[in-house]
Amino acid sequence: MTVTIDRATPADIAELRQLYYAVYGPHYPTALGTDPAEMSRLIADPHTLWLVARHPGSGGLAASAAVHGEAGSRVGRLEGLAVHPERRSGGLAHALTDELCRRTLETGRLDSVYATVRTVSAGPQRVVSRNGFRPMGVLPNAVDLNSRESLALYARHSPGVLDRRLPVAEVPAPLGPLLRTVGASLGIDYGHVRRTAPKTAPARPTTAARLEMIEAPSFVRRRFHERFPDSERWFYPLHTPNALLASDDDSFEVYAYLNRTGRYCSLIAAAPDPAAAADYLEPITRTLTRAGAGYVEALVPLSEHGALSAFLAQGFIPSALYPAMRPQPDGDGFHDYVVMSRTAEQIDFREVVVDAPLQPFLDAYAAAWASTYLPTLEVAS
């Protein structure tokens, strides 16, 4: 049976919620499939393209997916890909993803689109792979969907974007396995990038500032946009902060998106600049863990050796690399970014299913994790 693909409308919201419940159950952590107000906003958002597959005649929904963007950014996020259990194996996931990419990437509307893909089976990985997405890394324990799940990061670029990447002179040595894996996957040459020892973090003063955490989404959002009217200073695009961690001496603020349902957190920005908060990553992460975030991540430019070293010093692992993620303000070239992640819970890869192209990224993560958390054993002769 054929379907028609067109834009979602506000009249679809009730049926969309039923669709996402049928696919993910009651634990889906994203407002796109659960919150009617947010769903209505996204449907009307000019920077979001939300498509649905309808049954002919009845108009009932068989599948749904969206590419979410934002003003001032040319990066999109593929999200909410769901096919009704009774309509699987019919190619609907492929058809929706293909149409979304055609309308966003092939038209030049966006420079790249990324997706975080479940690893409970190889099916979701193969859907995005067939639509030109390439693996960029593995995000262990990234979300709680009834139980802890690891995700995979995939991305697809518009033609010519990867060729305009800006060179990076050196990176901390623990990023080596990830760079080699991404280079082999995408045909990018990172051989000229020097691998050097991570920079030593300065000792925090003994009278270190204490942290206060504020969870008032409307207040945090207003203050964030006052502090950061330019998205170029954000760590993480396409996330709106709902939590603020501030020092009691007003020396710095850190803005974060904390998802209590999925029990994960993304660090979005720091004021007056990231360096001001770099020395406090350990208490920042500890505070977020106490608030329920079993997984914390941040995007860091590959060129920022000092910031990457600070995250490494606090047990963050280079989990994924997103080449040519963001253009320079003048548009002359693109910066590579690294996903640095840390989980407070035991990692168990026994239930993870990875397609062949993703396996080297799992191996690279394991190597980076071992170099961070396993001691180097010396054998006495």
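A residue is taken as buried when its relative accessible area is under 20%. In the predicted model described here, valine 161 has a relative accessible area of 4% and is therefore buried. This valine is found in the loop between β7 (147-157) and β8. Leaving aside residues up to four places away in sequence, valine 161 touches Asp111, Ala324 and Phe334. The C-alpha atoms of valine 161 and valine 83 are 31 Å apart in space, with a separation of 78 residues in sequence.

Asp111, one of the residues touched by valine 161, also takes part in a salt bridge with arginine 74, at an N to O distance of 2.9 Å. The bridge links distant parts of the chain, 37 residues apart: aspartate 111 is in the loop between α3 (92-104) and β5 (112-118), and arginine 74 is in the loop between β3 (61-68) and β4 (75-83).

In total, the structure holds 21 salt bridges. Side chains of opposite charge can pair when their charged atoms come close. Arginine 54 belongs to strand β2 (residues 48-54) and aspartate 6 to strand β1 (residues 4-7), so the bridge ties together parts that are 48 residues apart in sequence. Arginine 54 is buried, with 12% relative accessibility, and aspartate 6 is partly exposed, with 30%.

A further salt bridge joins the side chains of arginine 126 and aspartate 355, at 3.3 Å from N to O. Because arginine 126 lies in helix α4 (residues 123-130) and aspartate 355 in the loop between β16 (334-343) and α10 (359-373), this pair ties together parts that are 229 residues apart in sequence. Arginine 126 is partly exposed, with a relative accessible area of 42%, while aspartate 355 is buried, at 16% relative accessibility. Elsewhere, salt bridges link Asp144, Arg148, Arg263 and Glu345 in a network.

Helix α10 also packs with helix α5 (residues 176-186), at an angle of about 170° and with the axes 9 Å apart. The two helices are therefore roughly antiparallel. On the α5 side the contact is made by Pro177, Leu178, Thr181, Val182 and Ser185, and on the α10 side by Pro360, Phe361, Ala364 and Ala367. Of these residues, 7 are nonpolar, 2 are polar and none is charged. An α-helix has 3.6 residues a turn, so residues three or four places apart point the same way.

Helix α5 is largely enclosed by the rest of the structure, because 8 of its 11 residues are buried. The buried residues are Gly176, Pro177, Leu178, Leu179, Thr181, Val182, Gly183 and Leu186. Their packing partners are α10 and the strands β6 (134-145), β8 (170-172), β9 (194-196), β15 (317-327) and β16. After α5 comes glycine 187, with a positive phi near 75°. Helix α8 (residues 281-290) is likewise followed by a glycine with positive phi, glycine 292, near 110°. Within α8, the residues Leu281, Pro283, Ile284, Thr285, Thr287 and Leu288 are buried.

Several backbone values were also examined. Most residues other than glycine have a negative phi, and most peptide bonds are trans. Aspartate 250, which is not a glycine, has a positive phi of about 65°. This aspartate lies in the loop between β11 (243-247) and β12 (253-259) and is exposed, with 72% relative accessibility. Arginine 263 likewise has a positive phi, near 55°, in a residue other than glycine. Arginine 263, a member of the salt-bridge network noted above, is in the loop between β12 and β13 and is partly exposed, with a relative accessible area of 28%. The peptide bond from alanine 271 to proline 272 is cis, with omega near 5°. Proline 272 is placed in the loop between β13 (264-271) and α7 (274-278).

A disulfide is a covalent bond between the sulfur atoms of two cysteines. A search of the whole structure gives 0 disulfides. Cysteine 101 is buried, with a relative accessible area of 2%, and cysteine 265 is buried at 0% relative accessibility.

Key
Residues numbered from 1 in each chain as written. Predicted model: local features only at pLDDT ≥ 70, side-chain atom pairs only at ≥ 80, totals over all residues. Heavy atoms only, no water. Buried < 20%, exposed > 50% of the residue type's maximum accessible area, 1.4 Å probe, protein only. Helix = DSSP H or I, 4+ residues; strand = E, 2+ residues; numbered from the N terminus. Disulfide = S-S within 2.5 Å. Salt bridge = Lys/Arg side-chain N within 4 Å of Asp/Glu carboxyl O. Axes fitted to C-alpha atoms, helices over the stretch in contact; angles between N-to-C directions. Parallel < 35°, antiparallel > 145°, perpendicular 65-115°, else oblique. Contact = heavy atoms within 4.5 Å. Nonpolar A, V, L, I, M, F, W, Y, C, P; charged D, E, K, R; others polar.
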